[in-house]
Amino acid sequence: MKPIASVERLRLKFPGKDTLLFKDLSITFYEGEKVLLLGPSGCGKSTLLQVLSGLIPHSIDVPMKAERVQLPDHWGYVFQDPDSQFCMPFVDEEIAFALENIGVPREQMKERIENLLEAVGLFVDPHTDIHTLSGGMKQRLALASVLALEPDVLFLDEPTAMIDEEGTKEIWQTVKQIARDKTVIIVEHKIDHVLDFVDRIILLNDQGKIIADGQAQTVFSHYKDVIASQGIWYPGVWDEYMAKRQYRRSVVQQEEKMIHLRQFRGYRLRDVKIRVEEATVRAGEWIAITGKNGAGKSTLLHALMKLIRTDGTYELYGEDSKRVKQLHRLLAFVFQNPEFQFVANSVREEIAYSLRLEKRKEAEIAETVERLLRRFHLWEQQNQHPYQLSMGQKRRLSVAASIVSGQRIFLLDEPTFGQDAKNTFALLELLESYREQGATILMVTHDENIVKHFATRRWVIEDGRLVKDEPISQHSPQAAVPSV
């Protein structure tokens, strides 16, 4: 087979880190291969894609050395964060920009754009403002714009992280059809959807070292213990995780009303984007907010946080929310895109920021920050800029920085996407420990395992409306929550 992308003796180090991410890493990819990069959050999977595509160091300034780097001639890249790759304000213009780059005549563009949007399942008016799309819809657009380039090599960095289960299946079906003859290098935590597609798996450990390289069946059979110890997703990991937990879930008294809504509406410009006829949330509840991409799940959290205009009844702890001057003291909010909330130049300072605004004593700030750095597995990254973190690390930082003030209501927009298994379970158990102490969690999620094993209620959002509010039966044994 013909080599199409490679690197020899790669060394790379992020500013603020004391150690190399890669130390003399060598790897070659061949024409037509379908390769899955597996490894724990922060091991360098996305960074390796960026080196192989030439984004590092040509577009992203990261110090690196290599004896030789072979870059593909014609490639396309789908980022974890779709916002980072858009160049134009509207959907059709974004795809047209890609088509212009490969010389497609103007009169052919309309049909090509419509076909690409249909291929990725993005059924919107082509001239839709990109900023009005949900995260999952943006991921579909990012894939469409890359497919428009008709590249020989596709770099896919968790292209379905924010897409619902049904949409994930559709996206991968599209990729499998379109990329049959292409080289595809994938980073993906939802591995069940790609195992029948990839012919090679490269397994990295938490130090960015390749510890296995071979066929999927071989890697999973011979390195199962290593995969589990590194906290990497693998088929059946949820079942094994739950089987290890043999305890009865504690019942939390749920009399205290935390949130009450009646005829509640949230607006974007003049349009009503979310409606809740009536709903009450009590202390100790974990509400999973589910629905298709674009249904209005994130918009509901934005309305509760008053990031958009609202009307109707909205009470917090029995008081009209209009009288609450500092909403962030009561509500901890985590955006779907963690970069939207970063304000400091280091991980440590990001966590400390809110505490400094509250004029806490420095000794108290230092103790709290250190505790959270360790609890969220960010100790080694404490001096890095938040933007230099992996997506999983960014998610953990956004949660840590949001709950630092001791709020009892958590509004979380897909906090587990981009996380490896180890950190997903650690985060869920941490949230469960807060719930047991009387906190309330409202979490947007596409993960049915979280709904089944952790949530106490489910809210279903359809077409901008809360249409179903139902309790969840806890059939399976639950995990004992470790002290944190």
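How far apart do the axes of α5 and helix α6 (residues 165–178) come, and at what angle do they cross? In this predicted model the two axes come within 12 Å and cross at roughly 5°, where axes are lines fitted to C-alpha atoms, for helices over the stretch in contact, and angles run from 0 to 180 degrees between N-to-C directions. Helices α5 and α6 are therefore roughly parallel to each other, given that angles under 35 degrees count as roughly parallel, over 145 as roughly antiparallel, 65 to 115 as roughly perpendicular and the rest as oblique. The contact is made by Arg140, Leu143 and Leu147 of α5 together with Gly167, Glu170, Ile171, Thr174, Val175 and Ile178 of α6, contact meaning heavy atoms within 4.5 Å. Sorted by class, this contact of α5 with α6 has 5 nonpolar, 2 polar and 2 charged residues; here Ala, Val, Leu, Ile, Met, Phe, Trp, Tyr, Cys and Pro count as nonpolar, Asp, Glu, Lys and Arg as charged, and the others, Gly among them, as polar.

**Basis and confidence**

Residues are numbered from 1 along each chain as its sequence is written, and side-chain values use heavy atoms, with hydrogens and water left out. Since the model is predicted, local features need pLDDT of at least 70 and side-chain atom pairs count only at pLDDT 80 or more, whereas totals for chains, interfaces and linings use all residues. The chain has a mean pLDDT of 91, with 96% of its residues reaching 70 or more; pLDDT is the predictor's confidence in each residue, from 0 to 100. Over residues 475–484 pLDDT stays under 50, and for this stretch the model has 29 contacts beyond four places in sequence. Helices (H or I, at least four residues) and strands (E, at least two) are DSSP runs, numbered from the N terminus.

**Further helix pairs**

Two packed helices are described by the angle between their axes and the distance between the axes. Helix α5 (residues 135–147) also packs with helix α3 (residues 91–101), at an angle of about 25° and with the axes 8 Å apart. On the α3 side the contact is made by Val91, Glu94, Ile95 and Ala98, and on the α5 side by Leu141, Ala144 and Ser145. By class, the contact of α3 with α5 has 5 nonpolar, 1 polar and 1 charged residues.

For helix α11 (residues 347–357) and helix α13 (residues 391–402), the axes come within 8 Å and cross at roughly 25°, and these two helices are therefore roughly parallel to each other. The crossing of α11 and α13 is right-handed, a crossing being left-handed if the near helix is turned anticlockwise from the far one by less than a right angle, and right-handed if clockwise. Val347, Glu350, Ile351 and Ser354 of α11 make the contact with Leu397, Ala400 and Ala401 of α13.

**Buried positions**

Buried means under 20% relative accessible area, exposed over 50%, and partly exposed in between (1.4 Å probe, protein chains only). Helix α10 (residues 297–304) is mostly covered, with 8 of its 8 residues buried. His193, placed in the loop between β8 (183–187) and β9 (200–204), counts as buried because its relative accessibility is 14%. Leaving aside neighbours within four places in sequence, His193 is in contact with Glu165, Thr168, Lys169, Trp172 and Lys176.

Phe425 lies in helix α14 (residues 421–436) and, at 9% relative accessibility, counts as buried. Phe425 and Gly231 are 194 residues apart in sequence but 9.3 Å apart in space, C-alpha to C-alpha. With neighbours within four places in sequence left aside, the contacts of Phe425 are Trp233, Val237, Trp238 and Tyr241.

**Backbone geometry**

Most residues other than glycine have a negative phi, and most peptide bonds are trans. A cis peptide bond joins Ile56 and Pro57, with omega about 10°, and Pro57 lies in helix α2 (residues 55–58).

| Residue | Phi |
|---|---|
| Glu150 | positive, about 50° |
| Gln263 | positive, near 50° |
| Lys306 | positive, about 60° |

Glu150 is in the loop between α5 and β7 (153–157) and is partly exposed, with a relative accessible area of 47%. Gln263 lies in strand β11 (residues 257–268) and is partly exposed, with a relative accessible area of 47%.
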